[in-house]
Amino acid sequence: MGSALNEVRPLNAKLSFGKQRMTDTNSKLQNFPLARELLFERLVHESIVRIRPRARKIEQTGVSAIGGMVLMSVLHLGEVPMQDIATQLHRDKSQITKQVSILRRTQLVSVSSLPEDRRIKRVRLTDDGRQIAEQLTSAWRKVTDEILEPLNSAQKKQFLDLLVCLYTF
C-alpha cells in the first residue's frame with residue numbers, strides 16, 4: 001500500500017488540469033490501477049475548486065448545488081414540467097419537487113398547473129431566478145473553458161464527444 005501512495009503524488013502532479021501538460025499518461029494509466037479513478041477525481045475536484053470562488057455570491061442566496069442545476073435547466077428549457085427537469089438532470093422526480101419547493105419559497109421560481117391536466121406542474125423562473133441561473137451558467141462555462149484550456153480544438157471536440165457517449169442528455 002505504501003508504494004501505491006508514493007505513486008499517487010507524482011501521478012496527481014503530472015495530471016493536474018492547470019497549465020502543465022499531461023505527460024506519459026498512457027503508461028501511467030496502465031501501470032497504476034487507480035489512475036482512471038484519480039483522473040475522474042481530479043476533474044471533479046478541479047470543477048469544484050474553480051466554481052467555488054465564482055459561486056460565492058450565489059451561495060449567499062441559499063441556492064444549493066442541485067437547486068442551481070434546476071435553475072439552469074429551467075433557463076435552458078423554458079417553462080417546463082417538473083418531470084422534464086428530473087429527466088434532464090437524471091434525478092428522481094421527488095428530488096426535483098423538493099428543490100422546486102425550496103426555490104419557490106425563495107421566490108426564484110413560480111409553479112403553475114396545466115389547465116388541461118392540473119396534476120402537471122410547470123416551473124418558470126422569476127426575474128431573480130433568471131439572474132442567478134444566468135450567473136451560474138456563465139460561471140460553469142468559464143470553468144469548463146479553463147479546464148479544457150490545455151487541449152487543442154480537436155482534443156476538446158473528442159473529449160466532449162466522449163462525454164456525450166457516456167452521458168446523453
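Like charges are joined within 9 Å, and nonpolar side chains (Val, Leu, Ile, Met, Phe, Trp, Tyr) within 5 Å. Accessible areas come from the Shrake-Rupley method with a 1.4 Å probe; for residues, only the protein chains shown count as cover.

The model is predicted: local features need pLDDT of at least 70, side-chain atom pairs count only at pLDDT 80 or more, and totals for chains, interfaces and linings use all residues. Residues are numbered from 1 along each chain as its sequence is written, and side-chain values use heavy atoms, with hydrogens and water left out.

Start with the overall plan. The protein has eight helices and three strands. Helices (H or I, at least four residues) and strands (E, at least two) are DSSP runs, numbered from the N terminus. Their order from that end is α-α-α-α-β-α-α-β-β-α-α. The accessible surface comes to about 11500 Å², and carbon and sulfur atoms hold 54% of it.

Now the patch. Phe40, Val44 and Ile48 make a nonpolar surface patch of about 280 Å². Phe40 belongs to helix H3 (residues 35-59).

Of the 169 residues, 31% are buried. A nonpolar core is a set of buried Ala, Val, Leu, Ile, Met, Phe, Trp, Tyr and Cys residues joined through side-chain atoms within 4.5 Å. The largest has 22 residues, and Val70, Leu71, Ile85, Ile96 and Val100 have the most contacts inside it. Elements giving two or more residues to this core include helix H4 (65-77), helix H5 (82-89) and helix H6 (93-105). H4 gives the most, with five residues.

Contacts mean heavy atoms within 4.5 Å. Leaving out residues up to four places away in sequence, Val70 touches Ile85, Leu89, Ile96, Gln99, Val100 and Leu103. Ser73 also lies in helix H4. Ser73 is buried because its relative accessibility is 4%.

All three form an open antiparallel sheet in the order E1-E3-E2. Strands pair if DSSP finds at least two bridges between them. Strand E1 (80-81) and E2 are the edges, each pairing on one side only. E1 and E3 share two bridges. Val80 has Val123 in E3 as its bridge partner.

Definitions and conventions
Patch = residues over 30% accessible without salt bridge, like charges linked within 9 Å, V, L, I, M, F, W, Y side chains within 5 Å. Salt bridge = Lys/Arg side-chain N within 4 Å of Asp/Glu carboxyl O. Buried < 20%, exposed > 50% of the residue type's maximum accessible area, 1.4 Å probe, protein only.
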